[in-house]
Structures are given as structure tokens and as C-alpha cells.
Amino acid sequence: MGYRDLFNEWLSLDSDTRNELLSIEDEKEIEDRFYKDLEFGTGGLRGIMGAGSNRMNKYTVARASLGLANYFNSKKKDGATAEKCKIAIAYDSRNNSEFFAKTAAVVYANNGFEVYLFDRLVPVPVLSFTTGYLGCDAGVMITASHNPKEYNGYKVYDSTGCQLCTEEAKSALDFINAVNEFVIVDGVENAFEHENIHRLGDATVDAFISKVKEQSVYEEKSDLKIVYTPLHGTGNIPVRKVLQGMDVTVVKEQELPDGDFSTVRSPNPEEKDALNLAIQAAQSLEADIVLGTDPDCDRVGVAVRHNGEYVLLTGNQTGALLVNFVMTMHKDDLNEKSTLVKTIVTSELGANIALNYGVKVEDTLTGFKYIGDKINKYLASGDREFVIGYEESYGYLVGTHTRDKDGVVSSMLICQMASWYKNQGKTLVDGLNEIYDEYGYFLDSLDSFVLKGKDGAAKIKALMQEFKQKGDTILPDIKQIIDYSVGIGDLPKENVLKYIFNDGSWIAVRPSGTEPKIKVYYSIVDKDRQNAHIRLEKIKSVMSLIINS
């Protein structure tokens, strides 16, 4: 069936859908909405909200929910019991998130699940925690994380609170693809009246907060001043709870939920301007540190007051600082099983610090679900003990209370770390410079090239093929090329290329699993900081020329 056939089929669904579709004048827009179904990526389903098979809407949410209900029910039937499946469902502050969560809840409830649905927005790590805490078979979080306001998404978790990894995601997708009819859902607004839907609230969130506080490592008092922004998302209450006793000022303009994220261009703490309002507030207070969590509170951005200016830290820099801090605080507890887990596109600086403490290091593919999967394997085998996991995209986890990155525990530990340094008369920037002095200078960067629609998807595919064919001729001094699409070690196959230079610097190229982008990661190692920046710009210009040609 062609995209126009699907377009015409969708016109018959309901008046709102019909009116939205008939208002579209751009044929490319129609094609983009219907040339494929919304796909599972590194973060489950994620897409722009609107009518169409390649959009997030009540029909794609209901279809995914029915397919997943069939999948989890089939797994239960294969087991030794005939108990009902249990699922936890939560949502963030995005437009339509609550509606999509209730839509999913009714579909699961209608298919025999005992559904545990939050009655307020909560962070991703709370949902991950809850899935295991309540002994559920699965979990669903309605969120598009840090994406722009037009997006929403649907993350799926297993019984441990870990997002579905490669093979299980493929099996689940087969069940979703087997749903060929439109799923019409009644009773969404009155979801809590359904006999199979149970309300979750304060008690579950408080249980999560208690587990986060167990990860505390430094509680000595300091005069640290903190400015925090939840960026209109879910972090406001839980982050403030774990920072009780500290001097915290919340950015009022960004304190309350707002699905339009009206005070920022993008609610992504990776973006330089996302913390502008918080930094302005910090300047007037002369605050020591600025924190910003994304809408689902699994990522944290940090700015540090240093010599009167606010310095933004990258995810790699914050990760290295946290590794050093956690290792220092836990040095008497570390043993031959202690392990750090990071992704293949994350800087080696944190790994080098861990190795210096005698801690093992494991790499995973991009996506925190792979770190969560490592935790599960360690707990099952007893061969390793998880100490910390992180990725360059501002996601960190200490503790095993969740199987996803956790902006709540990260916020607590970052502030404790800043207090530790302040009690020594230092800032986090001072601490980072000390790390560079010991381990060398690491300059990390990321470029994202947006290529939308069917044509963009084709170009991304062609570019990845071009990078494979050019091999070590794209840049000088490349000693090794790692093609993760053929399978490396015990890692699942994934469309990622990594080029290792003779001095240990590297670049990596991969299509985004959540947005229409191709991403290029850079990690330059050099004793001379100025030379590192010159080399980075030269490499960036070459990659940009190839991608934009």
C-alpha cells in the first residue's frame, strides 16, 4: 500500500484526524507522515505528534500497546503460571503525554493486564524503579526525553525496569507489526474507573526517593549555592527532595510543567542556551552551580561559577568528574569485581580514571538500555559489581535502583561533589583541571546533521555506506576502523563506525535512533589544549564537507 493509499484510509477515522490531514498542502509532508510506520529506535517509539502512521497519535499508541500486550501475554503463557500480566505506566510533562498514557493503560487493561498508572507526571527513573519495585512484567513511559516540543514517545521496559534491548525489541516489534487494524479506545478520560487500572502516587515516589538517598556519599555541610531548573518537566519535586538541606533556588519561570517549553528553544540540557535563564538567576545570586534536568529528568546539564564566569560542562566532563568523585568516596569498598560501564561514543577519560582505581571498564552500544542490561547480567552472574554507568549525552547512574539513567540521583551526587570541592576551596572546573593534569587533556564534541523525511533517511543510509567505503582515507593517521554493524565481541550489531587515530583520539559516526539525524562524535587527546582545538576544527570541517555535499 502506497503512502497516498494510507492517507486516504486515515481520512475515514474521525473528524479531527480528517480535518488535520486535509489541511496539509505539502505533498512531501503527506509522504513523510505515511511512507513508513513509526519505528523502535534506541529509545522505543519516538516521533512528531500528529495524524499519520509515522507520527505519535492515539492510533499509533493504541496499536503499539495492543501489539505489546499480545507480546507480554505470550511470554506469560510460556511460563509456569497463569497469573495476569502486570504493567506500570507513567508520563512526563509533554503535550498529550497524560492522554497517551491513559490510552495505553486502557488497552492493556482491556487485554487482561493489571495496570499500575501514575496519577501525576514523574521522571523516567521513577518508572524504571517502579517496574521492578512492584514486580511488574513490563513498564511504559510516555516521553520524548529532551526532544523539541513537537515530539512525544513511548519507552518500553522489561520486568527489571530496563528498556527492551535489541533481540527483545525485535520480538516485540513483530507483535506490533502483526496488528493490522486500527485500535479504537473508549473510556480514556475515565481510565481510573477501569477495574484493572490502579492508581500510583506519593507512596511509590517516596520509595524511589528513599532508594536514591541510599546512594549519598558526602553530606558534610558547605555554603554551596545552587540554582536548579526542571525545564518545565518532571524533575522539580523529586530533585528538590533529594537536595533538602542544601541552598537551592528554583528558576520560577521554568518550575511548572509546560508542554510547549515556552521559555526555551529546546528543553535539552545538552544545548548551550537551555540553561540561559538559570544562569541569569545564578549571576544575581552569585550561585556556585547551575543544574538543569530535561523534561523526563533522566539527563542533567551543569554550569559552574569559576573566576566569576559560568562555565558549561559537557556530558563527558561531568561524567569524568563523577567517576573520580565516586571512586574517591568508595575507594575502600572497591574490589576486583567493581565495574564502570560506558557507551562506545563516550570519552575514555572516565574509563582511565576507573582503571587507575583498579576498576574494570566495559563498553556498550549507544543507549542506556545496554548499560541497564549489563547491570542485570552482573546481578545474575555475580561476576561483576556495578559502580557507575554513564554516556556522553548527559546521562548517569549510580546505584541499581533503576536500570535507566537517573537525573535525580545524578543531581544529588553532582551537588555533593560540588560541596566536596568547595570545602577544599575549589570549583568543579578546578577539579576537572586536576584530572586533566593527571590523565591528559580530552576534548570532546558532537555534531548533529538533520536530514528529514524519506529523502533524508535515504541520504543517511548512503552516507553511512560512503564512510565505510572511504575507510581510513577520510582522514590521516587512522590506525583502526571499527564497524559495529558486523558485530564486535558480545555487542549486538549496530550501524556505528568508529575511527581510531594513532594517538588514541577517535571519531564515531551513527544515525540517531530517535531523530532524523546523523551524528558525529569527536574525542581528541592532546597534551596541548590549543593544538587539540585546532585539530578538532580541522576534522570537523572535513566531516561537515562530506555530509553536506
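## A five-stranded sheet

Let's start with five strands that make an open sheet, ordered S17-S21-S20-S19-S18 and paired in the antiparallel sense. Strand S17 (441-450) and strand S18 (478-483) sit at the edges with a single partner strand each, so one side of each has no neighbour in the sheet. On average, neighbouring strands here are turned by 15° against each other, direction ignored. Helices (H or I, at least four residues) and strands (E, at least two) are DSSP runs numbered from the N terminus, and two strands pair if DSSP finds at least two bridges between them.

This is a predicted model, in which local features need pLDDT of at least 70, side-chain atom pairs count only at pLDDT 80 or more, and totals for chains, interfaces and linings use all residues. Residues are numbered from 1 along each chain as its sequence is written, and side-chain values use heavy atoms, leaving out hydrogens and water.

Back in the sheet, strand S20 (residues 506-511) and strand S21 (residues 517-526) pair in the antiparallel sense over six bridges. Look for Ile507, whose bridge partner in S21 is Tyr522. Helix H17 (residues 529-548) packs on this sheet, touching S17, strand S19 (497-501), S20 and S21, and its direction makes about 155° with that of S21. Contact means heavy atoms within 4.5 Å; axes are lines fitted to C-alpha atoms, for helices over the stretch in contact, and angles run from 0 to 180 degrees between N-to-C directions.

Strand S15 (residues 385-391) pairs with S16 in the antiparallel sense over three bridges, and Tyr390 has Tyr396 in S16 as its bridge partner.

Among the residues making the contact are Leu321 and Phe325 of H11 and Met417 and Trp420 of H14. By class, this contact has nine nonpolar, four polar and no charged residues. Ala, Val, Leu, Ile, Met, Phe, Trp, Tyr, Cys and Pro count as nonpolar, Asp, Glu, Lys and Arg as charged, and the others, Gly among them, as polar.

H14 packs against helix H15 (residues 428-439) too, at an angle of about 80° with the axes 9 Å apart. The contact is made by Met417, Ala418 and Tyr421 of H14 and Leu428, Gly431 and Glu434 of H15.

## Buried spots

Strand S3 (residues 86-91) pairs with S4 in the parallel sense over four bridges, and Lys86 stands opposite Glu114.

Lys155, in strand S6 (residues 151-157), counts as buried at 2% relative accessibility. A polar contact of 3.4 Å joins its side chain to that of Asp298; such a contact is a pair of N or O atoms within 3.5 Å, and within protein one must be able to donate a hydrogen and the other to accept it, with residues adjacent in sequence counting only if both atoms are side-chain atoms.

How values were computed. Buried < 20%, exposed > 50% of the residue type's maximum accessible area, 1.4 Å probe, protein only.
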